Amino acid sequence: DNTLGKTMSVVGSLPERAIALQESNGSWLVLHLFDLLVAHGNDIRMDPLTKRAQILREIAYRSDSTLIRIVPHDIMALPRDRELGLWRSLNQGFEGIIMKDPNASYGQSKAWLKIKEKVTIDLKITGYELGSLGSKYQDTIGALLASCLTPRGELIEVTKVIPGDDQIRDTMLRQLHALSPQQIADLNLIVEVEAQRWTPGNTPRLRHPRIVKWRADRSSPSIIDLSAIHSALER
């Protein structure tokens, strides 16, 4: 149902549980196809994108599966078209756009340009959650809860972020497992987080965050006016 949390719980599970989660949710992951490398046994990577995309659409058209969809290709010849295309994609909840030379082969690296929105912010660790049941992280930290300060001085959780590799997860679990949320907040653990964008909602949240670095030089997170962000996103 287009919920990132449910999607990632499936992706992070072993096959048997992944299937069970989708059955219980009543919805299934969808495979979105944007390119084609081999068609009818022939390597078509050296063909131009326009031809590969046409073959892909023809094959998908003959498929009766509702779980396979084709990522749309739009022509954006003018700079203004590209700007509008990016914002239209972001407003629909996507990460951004990938611009491609329609005449390029698949292997031409300079023929692709990924464009995404980016937000960088300092957040305070205010809690954690264990990994999903059935995943490899079910007995250790799955994600850290990270919060900003509002102009009124309130700590508001705005994202969940992966702490790092397996060793970091286990080390932080030993550090935090016996502490209350208030005690965790009192540790003043500040992280610089980079995310793709703010998502709409009464309390905006950061999409696809990652920790850039730990800020031992700071004891307080960024002050963010979430109501202003909410109003801007609604517009």
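The structure is a predicted model, so to speak for local features a pLDDT of at least 70 is needed, side-chain atom pairs count only at pLDDT 80 or more, and totals for chains, interfaces and linings use all residues. Residues are numbered from 1 along each chain as its sequence is written, and side-chain values use heavy atoms, with hydrogens and water left out.

A pair of aromatic rings is described by the distance of the centres and the angle of the planes. Here, rings of Phe, Tyr and Trp (its six-membered ring) pair if their centres lie within 6.5 Å; planes under 30 degrees apart are stacked, over 60 edge-to-face, and the rest tilted. Searching the whole structure turns up two aromatic pairs. One is Phe34 with Trp112, edge-to-face at 6.2 Å centre to centre and 75° between the planes. Phe34 sits in the loop between β1 (31-33) and β2 (38-39), while Trp112 belongs to strand β6 (residues 112-116), so the pair ties together parts 78 residues apart in sequence. Helices (H or I, at least four residues) and strands (E, at least two) are DSSP runs, numbered from the N terminus.

Tyr106 and Trp112 make up an edge-to-face pair too, with 5.6 Å centre to centre and 90° between the planes. On accessibility, buried means under 20% relative accessible area, exposed over 50%, and partly exposed in between (1.4 Å probe, protein chains only). Phe34 comes out partly exposed at 38%, Trp112 partly exposed at 29% and Tyr106 partly exposed at 28%.

Trp112 also has a charge over its ring: Lys100 lies over the face, 3.9 Å from the ring centre. Elsewhere, Arg169 lies over the face of Tyr137, at 3.6 Å from the ring centre. The criterion is NZ of Lys or CZ of Arg within 6 Å of the ring centre and within 35 degrees of the ring normal.

Ser9 is part of helix α1 (residues 4-11) and counts as buried at 17% relative accessibility. Setting aside neighbours within four places in sequence, Ser9 is in contact (heavy atoms within 4.5 Å) with Leu21 and Ser132.

On the surface, Leu4, Met8, Val11 and Leu29 form a nonpolar patch with about 340 Å² of accessible area together. Leu29 is found in the loop between α2 (15-25) and β1, and is partly exposed at 37%. Patches take residues with over 30% relative accessible area and no salt bridge, joining like charges within 9 Å and nonpolar side chains (Val, Leu, Ile, Met, Phe, Trp, Tyr) within 5 Å. A salt bridge is a side-chain nitrogen of Lys or Arg within 4 Å of a carboxyl oxygen of Asp or Glu. Accessible areas come from the Shrake-Rupley method with a 1.4 Å probe; for residues, only the protein chains shown count as cover.
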